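My entries follow the structure.

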Amino acid sequence: MSSVVGLDIGNSSSKIGIARARGVDVVANEVSNRSTPSLVSFLDKARAIGESAATAQTSNFKNTVGSLKRLVGRKFDDKEVQEIEKKFIYAELVDAGGEVGVKVNYAGEPHVFSATQVLAMYLAKLRDTAQIELGGQNVSDVVFSVPIWFSDSQRRAMLAAAEIANLNPLRAINEPTATALGYGITKTDLPEPENPRNLIFVDIGHSNYQVSVVAFSKGQLTVLGASANPNFGGRNFDRALVEHFAEEFKTKYKVDVFSSPKATFRLAAGCERLKKVLSANSVAQLNVESLMNDIDASSQLKREEFEELIKPYLAHVEGPLNDALEQSGLSKDEIFAVELVGGSTRVPALKERIAAWFGKGLSTTLNSDEAVVRGDTLACATLSPVFRVREFSVHDISPYPIKVSWNPTADAPDEENELVVFQKNNPVPSTKILTFYRKEPFELEAAYADPQNLPLGIQAELGKVSIEKVKPNAQGDHSIVKVKARLNLHGVLNVESAYTVDEVEKEEEFPVENAEQADGEPVKTEKRVVKKLQRKDDLPIVSEISHLSSQEIAELKEKEGQMYAADKLVADTEDRRNALEEYIYDQRSKLSDRYAAFVQADEKEKYLEELSKSEDWLYTEEGEDATKSAYTSRLEALEKIGAPIVNRWRQNEERPKAASQLREVLNKYSTIFEQEPEKYDHLSDDDKTKVIEKVANVSKWLDDWMYKQSELPKNVNPKLTVEDISKNKDDVIYVVTPILAKPKPRAAAPPPEAPKTDSKTDANNDAPQDKEASNKQGDMDVD
């Protein structure tokens, strides 16, 4: 059975949801956290991902990559990357085959990985975490969420990363839409479609701010409008604090924090903690140990001062709200509630601004951290054939209008050469059929129709599509070419097919107009010749609207598989090394304590010597970089020496309990015929003797061997083992149980009663008949 998994891939951390019969469970990772840091760290021997990357980041921040979904699908020379993202990423950003990537030291060598590759590494970690939660069940089908403002290339890059991680994304759903689904699917009091319930969902996360206006009615939700500010979130507030304290420390400690990437990283971590404290307190302390130059920096900040620092950002709160509401065509009075989600909505100043705009209180009925992942998981459940959920339709939108342009033909130079195929807020999914009149192959170019309203750095061009093998029709005139364009469930544009059609004449019957008709008379018809389009030839398509080719994805999957196997080998090797080290310390300690009475002097000396040799080897250069098999063989050699000592201790500990269990069985069977005589009175004397003799023999065996064992010193191998005792117990049960289980024989059935005769009949019968009847009781009387 396939799994049902939702992924909320956040800029700071991510969450995993699994659908089960009782609802959606948010999965805890290996350290029992319900969110996993969105980080990948490259180390000398392996990669650290998630929690381990967060641990390694402090000392390895130049080789640790975050902001994964902010980089994916973007180019290196993108303004967004150069002007904004560089401030939040400490790894070196480079060009990786046309896409932004990172240059890191991995396995002792410099490597360049594209943002798509790094995201795929992280998704593989989330996949493994989900599989552990599911008991090893394979995880393939998933739904993940993306910001509403994501472009076609960013969505394609996310899908490619999922494929590289061996995941099958059923849908890339917009984050506010996922939140709305989680809100609406559980509601049983939704109104009829004629009078929907309108809500505004405000999601302010680590790096962006999104607003959606959604109409709910029975069994469905419809997104009416959406807007976003891609660079408004918790990290911007953190940056404002970093800049404030960096300026303060210039005067206070005479240090320039921004001159040291490590100091900047440490101050940023401290400012994030301070921001969270200020959400619930009026004042907070900042303490950064060893900021730089061995200086322990400290300061404090009041909430009012913090709000003054982020005032430039607060001024942009109302923009997306007004824009989304305008798109919906609603007024504030028609809004049922404003629902807040996202970690940054805990900032009091933000809530106050949004409440002031709305004019009344805000709603926080959803879990602000887990609302999106719950919606993702429910979306996966609705698309999965193995999970049954309440019927609930989701009508989502695409945020940007898309146009198609082409070159006019030589014989019609004045024809229009551009068409907006999908308007702003076009429903998703959606299909359009475009008609062209052509004699030869031609190209279509897809692009966003409104480039000035795209987020910073998003390119308007989507790519080209070539329609090939177009030729004139049979009459030498233009062929009618139909091109099918589709905005699919992921919000991604695909040109799915192209084909030619012929205009053919067909004779069809039509009702005669204004014809007089008597009652019961059939309708009068007449035949007419009509022109109809008939599909003729399918045309090949060459599309350049893609992020990576299938061959490129296959190569990246292979590389990821190799790195994954290398990581596993390193982890297994480290595990065996730790096991060897732990065994050495554990055994050395127990030889002087737990095992002291069970080891002989020469044994102890030899064992301690071998333990010391292995310990010394561990801390040599050879031992530090040994293979998994080397650690395993040394551990097995030590276990072989120590096994007799450990076994003596174990036997001594477990023998009394095993003997007690055997005696309990023997005592039960030795008196069973006396305690329950009626239950077993059907057994033969031979059977009873077998039981009694078996119990007596085993009881004598146990007494004899327990005595012999008590005469032996503890530091020699035992003559009576727990395994011997358990074997005899099982043997007694094996012999006795079938005998005691013999069923009692069935009692003989009583003879049938003779039929009764009435007095009148008896009186009429003569004496010989009476005598014969008495001798043949049970015979039937015959008249």
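This is a predicted model: local features need pLDDT of at least 70, side-chain atom pairs count only at pLDDT 80 or more; totals for chains, interfaces and linings use all residues.

**Entry 1: the sheet**

Strand E13 covers residues 197-204 and strand E14 covers residues 209-217. They pair in the antiparallel sense, over eight bridges.

In general, the strands of a sheet pair through backbone hydrogen bonds, either parallel or antiparallel.

Then I asked myself: in what order do the six strands of the open sheet stand? I read the order as E18-E13-E14-E15-E19-E22, and the pairing is mixed.

Which strands stand at the edges? I found strand E18 (337-341) and strand E22 (426-428) there. Each has a single partner strand, so one side of each has no neighbour in the sheet. I also looked up the twist, which averages 30° from one strand to the next.

**Entry 2: helices on the sheet**

I turned to helix H11, residues 318-328, which packs on the sheet. H11 touches E13, E14 and strand E15 (220-229). The direction of H11 makes about 145° with that of E15.

Helix H12, residues 348-358, packs on the sheet too. I listed its contacts as E13 and E18. The direction of H12 makes about 165° with that of E18.

**Entry 3: the largest cavity**

How many cavities of 30 Å³ or more are there? I counted five. The largest has a volume of about 120 Å³.

I checked its lining next. The largest cavity is lined by 19 residues. Arg155, Ser398, Pro399, His490 and Gly491 lie nearest its centre. Helix H5 (152-164), strand E12 (168-174) and strand E19 (393-398) each give two or more residues to this lining. E12 gives the most, with four residues.

I sorted the lining of the largest cavity by class: 10 residues are nonpolar, five are polar and four are charged.

**Entry 4: the second largest cavity**

The second largest cavity holds about 50 Å³ of space. Among its lining residues I noted Val404, Leu434, Glu445, Val483 and Ile545. Strand E24 (442-448), strand E26 (479-487) and strand E27 (493-511) each give two or more residues to the lining of this cavity. The largest share, three residues, comes from E24.

What classes make up the lining of the second largest cavity? I wrote down 10 nonpolar residues, no polar ones and one charged.

Notes: Residues are numbered from 1 along each chain as its sequence is written. Side-chain values use heavy atoms; hydrogens and water are left out. On a 1 Å grid over the protein atoms alone, a cavity is a set of points where a 1.4 Å probe fits but cannot get out, and a pocket is an open set with protein on both sides within 12 Å along at least five of seven lines; lining residues have an atom within 4 Å of a point. Grid points are joined across faces, edges and corners, and a volume is the space filled by probe spheres set on the points. Ala, Val, Leu, Ile, Met, Phe, Trp, Tyr, Cys and Pro count as nonpolar, Asp, Glu, Lys and Arg as charged, and the others, Gly among them, as polar. Two strands pair if DSSP finds at least two bridges between them. Axes are lines fitted to C-alpha atoms, for helices over the stretch in contact, and angles run from 0 to 180 degrees between N-to-C directions. Contact means heavy atoms within 4.5 Å.
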